[in-house]
Amino acid sequence: MATSSAVNILNYGAVGNGIKDDSLAFSKAWSDTCNSVANQSTLLVPSGHTFLVQPLTFTGPCKSPNLYFQLEGGVIAPGGPEKWKIKAQSLISFENVSGLTLDGYGTINGLGKGWWDLSCAHHPKLKGCYDRRPTTLTFIYCTRIRVNNIFMINSPQVHILVWYGNDVKFDSVSINSPALSPNTDGIHIEDSKNVSVFHSVIKAGDDCISIGDQSFHILIVNIFCGPGHGISIGSLGRDGEEVKVENIQVHRANFFGTTNGVRIKTYQVMYTLKFININLVGKGIVQHVGFKNLTFHNVENPIIIDQHYCFDPNGCPDLPTAVHIDDVKFQGAIGTSASEVAMNLNCSKSVPCTNINFKNIRLKPAKSLKRIKSSCNNAYGSNTGTVKPSSCLHS
């Protein structure tokens, strides 16, 4: 077996002028990279070029155990929906790939504005508006993935999706979309385990990082989030399936002007199908969660658990169903709250939050406020050290 092999996208007919469609060159180069029997197989996207692509799917399994996608140049999407030749859920997808490193200080630009301007979120009365828009970078059924030193901007919707992944690590990733760009989560993790995000800066129009159902052993460390909606577990329980999310750790996260800080959000019931007598109810559990060493800068809702999450802006009533939230630790938090309720635990009467712990929380009101407080409904747990504002947990 050869020690290494490498291919350059320019040798496959790519122009890299940001105008010509270079999709075919990428597909051919990936085929050779994936089929190489070398111990290390590299696909180089060189600097000094911007490559326009239509939706691409890079499929495995591959023969080489160590794949390198060296992104040193730029990749851009076609633009708004009318310029996409293929209806796809993602601009770039890696499917069933193992042992891939995506690195190189390059930029992937989703050119999302054309999609945002036709989004149902911004224009709900617009005929033909887009409720679902493409993700920019997706990993589906992938293992041993490393994504380092990549810049991503202006995704039509979610920037990065990890779905059915195992052993996926992000390090020093930069994501940037405007605060009002609709549903542009930075990284969304779903049905995955052993996923980590380190040392990254995320500016988005939705959650900086969101963690969906059936996610286990997720580690998030040293994140700078804002603008955005914070770091969220959920929303969960909306499809009637048994929710299970465990062992989530968020350490040394910094929030700047976000609409939430750290949040867990679950549905009690999504909707009722009366004609066949079916309720899609929230059920299952979120447990073993740690939020540690958090810093908030003028953040609304720095700490929030909402078991009554729903689409009604006036809120939803308490129901006999809910996703159980247990063993959640908020340990070490400083900074300023831009909302009067800085710690808001809105839990279910029938399925209350249990084993919640506040430890060494020192939050202050932002300049626009005189005082802040905590609010708890059906939340039980303990306090350790200083807790300001005063804890409202029930023992």
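**Figure 1. Aromatic pairs in the predicted model.** In this predicted model, the number of aromatic pairs comes to 17. Phenylalanine 58 and phenylalanine 94 are both buried. The pair of tryptophan 163 and tyrosine 164 is also tilted, because the ring centres lie 5.3 Å apart with the planes at 35°. Tryptophan 163 has a relative accessibility of 32%, so this residue counts as partly exposed. Tyrosine 164, at 34% relative accessibility, is likewise partly exposed.

Figure 2. One aromatic cluster is made up of Trp30, Phe58, Phe69, Phe94, Phe139 and Phe170. The largest nonpolar core has 94 residues, and the members that touch the most others are Phe69, Phe94, Phe139 and Phe170. In soluble globular proteins, nonpolar side chains tend to be buried together.

**Figure 3. Surroundings of phenylalanine 69.** With neighbours within four places in sequence left aside, phenylalanine 69 contacts the aromatic residues Phe26, Trp30, Phe58 and Phe94, among others. Its contacts also include Leu43, Val45, Leu100 and Leu102. Thr101 and Asp103 are in contact with phenylalanine 69 as well.

**Figure 4. Helix H1 and its buried side.** Helix H1 covers residues 23-35, and its 13 residues should span 18 Å at 1.5 Å a residue; the C-alpha atoms at its ends are 18 Å apart, in agreement. The buried residues of H1 are Ser23, Ala25, Phe26, Ala29, Trp30, Thr33 and Cys34. They lie on the same side of H1, because the arc that they cover around the axis is only 155°. Two of these buried residues, Phe26 and Trp30, are in contact with phenylalanine 69.

**Figure 5. Strand S27 and its parallel partners.** Strand S27 (residues 303-306) is covered on both faces, with Ile303 and Ile305 buried on one side and Ile304 and Asp306 buried on the other. S27 runs parallel to strand S23 (residues 262-266), and four bridges join the two. In this pairing, isoleucine 303 of S27 has valine 262 opposite. S27 also pairs with strand S29 (residues 341-346) in the parallel sense, over four bridges. Here the bridge partner of isoleucine 303 in S29 is methionine 343, while isoleucine 304 stands opposite asparagine 344.

**Figure 6. Strands S29 and S31.** Strand S29 pairs in the parallel sense with strand S31 (residues 373-377), through five bridges. Within this pairing, cysteine 376 of S31 is opposite leucine 345.

**Figure 7. Threonine 266 in strand S23.** Threonine 266 is part of strand S23. Its relative accessibility is 0%, so threonine 266 counts as buried. Leaving out neighbours within four places in sequence, the residues in contact with threonine 266 include Asp306, Gln307, His308 and Tyr309. Leu236, Val323 and Ile325 are also in contact with threonine 266. Among these contacts, Asp306 is one of the buried residues of S27.

Technical notes:
Residues numbered from 1 in each chain as written. Predicted model: local features only at pLDDT ≥ 70, side-chain atom pairs only at ≥ 80, totals over all residues. Heavy atoms only, no water. Core = buried A, V, L, I, M, F, W, Y, C linked by side-chain atoms within 4.5 Å. Buried < 20%, exposed > 50% of the residue type's maximum accessible area, 1.4 Å probe, protein only. Contact = heavy atoms within 4.5 Å. Expected span 1.5 Å × (residues − 1). Arc of directions from axis to C-beta. Phe/Tyr/Trp six-rings, centres within 6.5 Å; stacked < 30°, edge-to-face > 60°. Pairing = 2+ DSSP bridges.
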